[in-house]
Amino acid sequence: MNKVLLIIQREYFTRVRKKSFIIMIFVVPLLILAMGGVIALVAKNSNELSDKQVVKVIDESGLFAGKFKDQKNLKFETTKQSLADLKADLKKDENLSALQVPADYTKKDAINIFSKKKPGITLTEKIEGQMNDIALNNGMLKNHIDTALLHSIKSNLSLNTVEITETGDNKTSLGANIAVGIACAILIYLALFIYGAQVMRGVIEEKTSRIIEVIISSVKPFQLMLGKIIGVGLVGLTQFSAWIILSIISTKILGHSLSSSPGGIMSSLAVLQTIPFGKVLGCFVFYFLAGYLLYSALFAAVGSAVDSETETQQFMFPITMPLLFTYLLSVSILFRAPDSPLAVWLSIIPFTSPVAMMLRMPFGVPDWQLYLSMALLIIGFLFTTYVAARIYRVGILMYGKKASYKELVKWFFYKE
């Protein structure tokens, strides 16, 4: 046990003392805050056109002419010119477009917009929105429906989500749940890859430099592998703890400085307070550690089986495929249905649960599913550690021989 502790201490302090480690502790929270500000700024201006656009409307139907409303950086002009005449002007001006509305505009793909460069989605959405409103008003007038009365009684309703708990009703925010869930899934995914790869690189470096032959003379291969895994894991935990503390402090300072100026940022901070961050944070630490231990054991086995990083590709893909598959599903599909059967099963299976469960946590997860997921993840960690240790003990002293899956199976069944 003392030898394992010495290896843990060696691995931990070797990495913590590096200048890059200290820099990353302070740089990452600042980058997160800067990125959040940039995203908020981009989201605010995403519906605005960067350059002033002029749209020439060729209305062959006679229903849309003169009914388009100019907006910021967007101007509509009705013209009697033919499309053939306009094309010469379009070739000279990138900010000029021509909207052709035929008489049978209701047919599929009948309406066209012409321009020198491909029009952006913001421009097309603004034109489509106005055309749909105009077409709707024309339809109501044609059927003798009072459009003014209809618009006066039109409501803009929104839903508040309220969770019923034993302690009372808690108002929640779907947008905040989605944001926190996706952020946790991304962080877990990146952490497992980054710190698992550090374990693998450390094993390869020690193997290629033949330092491993000296170390292995005084400790067992399993003790060496376990010490390296735990040491790097503690480095990751230290880094995450520092990031969380600094992020909380900076968020508090930001919230205090903006308390006198209500707006979108203050609303966002208030909404985030509806999420049970204590439970989410506790689960994040558990799934980071357990998921890291599960995957880093496999990364260590891969590192012991090769002589350079270029040889790791054939082994890395099968190991990381479940993690990558779950990550892609989480940021594209699963957040829309966090309680779907697919999301539930992915959050229980050990190789996919760290990412899938952290995505589901802000939405609320039944206790039995959470405990089952944790139990299976611990069992999965013990299993992968056992498998990796049997491969590691042989592979760590193998040089000059290109390993294959068949070879790894042989190493696993070698007797002590």
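Which side chain does a polar contact of 2.8 Å join to that of Lys56? The partner is the side chain of Glu77. A polar contact is a pair of N or O atoms within 3.5 Å; within protein, one must be able to donate a hydrogen and the other to accept it, and residues adjacent in sequence count only if both atoms are side-chain atoms.

This is a predicted model, in which local features need pLDDT of at least 70 and side-chain atom pairs count only at pLDDT 80 or more, while totals for chains, interfaces and linings use all residues. Residues are numbered from 1 along each chain as its sequence is written, and side-chain values use heavy atoms, with hydrogens and water left out.

**Around Lys56**
- Lys56 sits in strand 1, residues 53-59. Helices (H or I, at least four residues) and strands (E, at least two) are DSSP runs, numbered from the N terminus.
- Beyond four places in sequence, Lys56 touches Glu77, Thr79, Leu86, Leu96, Ser97, Ala98 and Leu99. Contact means heavy atoms within 4.5 Å.

**Nonpolar cores**
- A nonpolar core is a set of buried Ala, Val, Leu, Ile, Met, Phe, Trp, Tyr and Cys residues joined through side-chain atoms within 4.5 Å. Buried means under 20% relative accessible area, exposed over 50%, partly exposed in between (1.4 Å probe, protein chains only).
- The largest core has 73 residues, and Tyr287 and Met358 have the most contacts inside it.
- Helix 10 (residues 277-305) gives the most to this core, with 16 residues.
- Apart from this core lies another, of 13 residues, among them Val57, Phe76, Ile127 and Met131.
- Met358 touches residues including Gly181, Ile188, Phe284 and Tyr287, leaving aside those up to four places away in sequence.

**Aromatic pairs**
- Rings of Phe, Tyr and Trp (its six-membered ring) pair if their centres lie within 6.5 Å; planes under 30 degrees apart count as stacked, over 60 as edge-to-face and the rest as tilted. The count comes to nine aromatic pairs.
- Phe64 and Tyr105 pair edge-to-face, at 5.2 Å centre to centre and 85 degrees between the planes. Phe64 lies in the loop between strand 1 and strand 2 (74-78) and Tyr105 in the loop between strand 3 (96-101) and strand 4 (112-115), so the pair ties together parts 41 residues apart in sequence.
- Both Phe64 and Tyr105 are buried.
- Tyr189 and Phe193 also form an edge-to-face pair, with 5.0 Å between centres and 65 degrees between planes. They are four residues apart in helix 6 (residues 174-208), about one helical turn.
- Tyr189 is buried at 13% relative accessible area, whereas Phe193 is partly exposed at 22%.
- Ring pairs link Phe64, Phe68, Phe76 and Tyr105 into a cluster.
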